[in-house]
Structures are given as structure tokens and as C-alpha cells.
Amino acid sequence: MEASVEGIRALKISLFLLLATTILQFLVVLVSGSVALLADTIHNFSDALTAVPLWVAFILGRRAATRRYTYGFGRAEDLAGLFIVAVVALSAVVAAWQSVDRLLNPQPLANLWWVFAAGLIGFAGNEAVAIYRIRVGRRIGSAALVADGVHARTDGFTSLAVVLGAVGVMLGFPLADPIVGLLISAAILVLLCGTVRSIGRRLMDGIEPDLVDTAQKALEGTPGVLAVPRLQLRWSGHRLQGAATLVMDDGVTLADAEQVTREAAHRLKHALPKADDMVLTPLAATR
């Protein structure tokens, strides 16, 4: 619950920071007519909205398991990820449509220095959000929050592309603005591919191999454990669940087996602080 509260706090702060950035950029769009800046503004607004489903997911994840949802509601984070993919894809389509329209129907731009400044504001806002989300996400073990932070960081560089578009127009190349808008749309789609892969792995119970190695070493290093032939881990939201079979000497007593299992669970929890529900099954070695 503590981790969920911290995640919600991070989402609240980053949501309002991105909304403030979006409002400032939109005001510059109104006075400049820059379609590249409009594409970046739409994207930043969609990124701000992605905090809402994650917020709801963190709240749902705090609910206790029920007879219908016996593993709890941690997977709500992964479902929120699917919604995020849809919103980001829509922002790419809208930005591309506006850019193509401006290529076919060129219009003069005004207040280019304001466009230049707005691009820098977009970069600064996204980078601040990225640093905060990644830091909190790593601390609480939320891959969704870390991915959202990495996404925000890359979005900051698309804001710098707006600056390049403004410089191109200043140098006498007016089509630089809609071309940059199209490049931003393409960058959004490229980013989306990585997000889809990450969410797909979570939905298929994919796990980082280094976490498996860490758990394996912790269990095999427990005195009394001869081998760990089966080890399963999966993410449920920002918490880990799994099961393992611990092979012990065939002459071990029931009391000793329970003691070894408790020690193994303690070592595993120390090695993987994000592990919540681990089922450890002792098994006598066969001769």
C-alpha cells in the first residue's frame, strides 16, 4: 500500500506539471500557428492523460483479493498500459493529419521566438516528469511508471525538434515546421512499439532474467537447500509473485524442512524486496 501511495503521488505531481506545460505551449500555438508545436502540444496533453488510468490502476491494486480475483488486482496496471497505447497512437494520428494539412495548405508563421521558447519549455517539463517518474518507479518496483518516465524523457526530445523547426523557418525554409510535425508523429509511433512490447511481456507473464538469477542465488545459497529445480516469477502490477521447489536432503525432519523454508523465504525477500507472494515447496532429494 505504501508503494501505491507513493506511485499515486508521483502521478499527481507529474500530471499537473505536464498540464501546465501543455497549456503554455497551446497559448503559443494560438499566437504562432506552428503545426509542429501543435503536434508536440497534443502529444504532451495525451501523455498527461496517461497518468489518469495509471492512477486508477494504483488505487485498484490496493484492494484485497476476492473469491473471483484470487490474485488481487495488480494486473490493472497492465490494462492501464493498453489504454496508454491507444491514447498515444491517437495523438500520433492527429499530429500527422495536422502536419499533412499544413504541407498541402502552407500558412505563414508568426512569433517564431515564442515557438522556440515553447519548445524549450516542453523539453524542460518532460525531462522533469521523466526524472521524477523513473526515480519513484524504480523505488517502488513499478515497470509501468518507469516506462512512462522513459516515454516522457523521449517526448522531451520531440519538443527540441520543435525548436529545430522554428530555426528552419527563421532561416527561410517555411516547410520545416510541418516536416518536423511529421517527424514527431513518426517518433511517437516508434516509441509506441517499445511500449507495446513491454506491456505484451507483462501480459504474458514475462520477467526480467536478472530477477530470476537473483532469486535462484538467494534460494540456492540457503543452508540445507541442495537445488532449486523449479522457479517461477511474474509481475502483478509493481509487485512480484511466484513459486519455487526447494530440494533438501532426504533425511531432513519436518521441523528442519520448515526452518529451512522459512530461512529461504527470508533470504528471497531480502534479495527481492518487491516479492510479495512466494510459495516455497520443500522436496526430499531422491537417491
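Helices (H or I, at least four residues) and strands (E, at least two) are DSSP runs, numbered from the N terminus. This is a predicted model, in which local features need pLDDT of at least 70, side-chain atom pairs count only at pLDDT 80 or more, and totals for chains, interfaces and linings use all residues. Residues are numbered from 1 along each chain as its sequence is written, and side-chain values use heavy atoms, with hydrogens and water left out.

## Salt bridges

A salt bridge here is a side-chain nitrogen of Lys or Arg within 4 Å of a carboxyl oxygen of Asp or Glu. The structure holds three of them.

| Pair | N to O distance |
|---|---|
| Arg-75 and Asp-205 | 2.0 Å |
| Asp-205 and Arg-234 | 3.9 Å |
| Arg-267 and Glu-263 | 2.9 Å |

Start with Arg-75 and Asp-205, whose closest N and O atoms are 2.0 Å apart. Arg-75 sits in the loop between H3 and H4, and Asp-205 in the loop between helix H7 (176-203) and helix H8 (209-220), so this pair ties together parts that are 130 residues apart in sequence.

Asp-205 also meets Arg-234 in a salt bridge. Arg-234 belongs to strand E1 (residues 225-236), while Asp-205 is in the H7 to H8 loop, so the pair joins parts 29 residues apart in sequence.

Arg-75 is partly exposed, at 25%. Asp-205 is partly exposed too, at 33%.

The backbone of Asp-205 also deserves a look. Most residues other than glycine have a negative phi. Asp-205 is not a glycine, yet its phi is positive, about 60 degrees.

The remaining pair is Arg-267 and Glu-263. Both lie in helix H9 (residues 254-271), four residues apart, so about one helical turn separates them. Arg-267 is partly exposed, with a relative accessibility of 32%. Glu-263 is partly exposed at 27%.

## Packing of H3 and H4

Axes are lines fitted to C-alpha atoms, for helices over the stretch in contact, and angles run from 0 to 180 degrees between N-to-C directions. Helix H3 (residues 51-61) packs with helix H4 (residues 76-104) at an angle of about 170 degrees, and their axes are 8 Å apart. That makes H3 roughly antiparallel to H4, a label for angles over 145 degrees.

Which residues make the contact? H3 supplies Pro-53, Leu-54, Ala-57, Phe-58 and Leu-60. H4 supplies Ala-76, Glu-77, Ala-80, Phe-83 and Ile-84. Contact means heavy atoms within 4.5 Å.

Val-56 also lies in H3. Its relative accessibility is 44%, so it counts as partly exposed. The C-alpha atoms of Val-56 and Glu-77 are 8.5 Å apart in space, and the two residues are 21 residues apart in sequence.

## A nonpolar surface patch

Patches are made of residues with over 30% relative accessible area and no salt bridge; like charges are joined within 9 Å, and nonpolar side chains (Val, Leu, Ile, Met, Phe, Trp, Tyr) within 5 Å. Accessible areas come from the Shrake-Rupley method with a 1.4 Å probe, and for residues only the protein chains shown count as cover.

One nonpolar patch consists of Ile-23, Leu-24, Phe-26, Leu-27, Leu-30, Val-31, Trp-114 and Ile-121. Together they have about 800 Å² of accessible area. Helix H1 (2-32) and helix H5 (112-140) each supply at least two residues. H1 gives the largest share, six residues. Ile-121 lies in H5. At 34% relative accessibility, Ile-121 is partly exposed.

## Two further positions

Is Gln-25 buried or exposed? Gln-25, in helix H1, is buried, at 0% relative accessibility. Leaving aside neighbours within four places in sequence, Gln-25 is in contact with Leu-37, Asp-40, Thr-41, Asn-44, Ala-118, Gly-122 and Ser-159.

Val-196 is found in helix H7. Its relative accessibility of 41% makes it partly exposed. Val-196 and Val-85 are 111 residues apart along the chain, with 7.0 Å between their C-alpha atoms.

Conventions. Buried < 20%, exposed > 50% of the residue type's maximum accessible area, 1.4 Å probe, protein only. Parallel < 35°, antiparallel > 145°, perpendicular 65-115°, else oblique.
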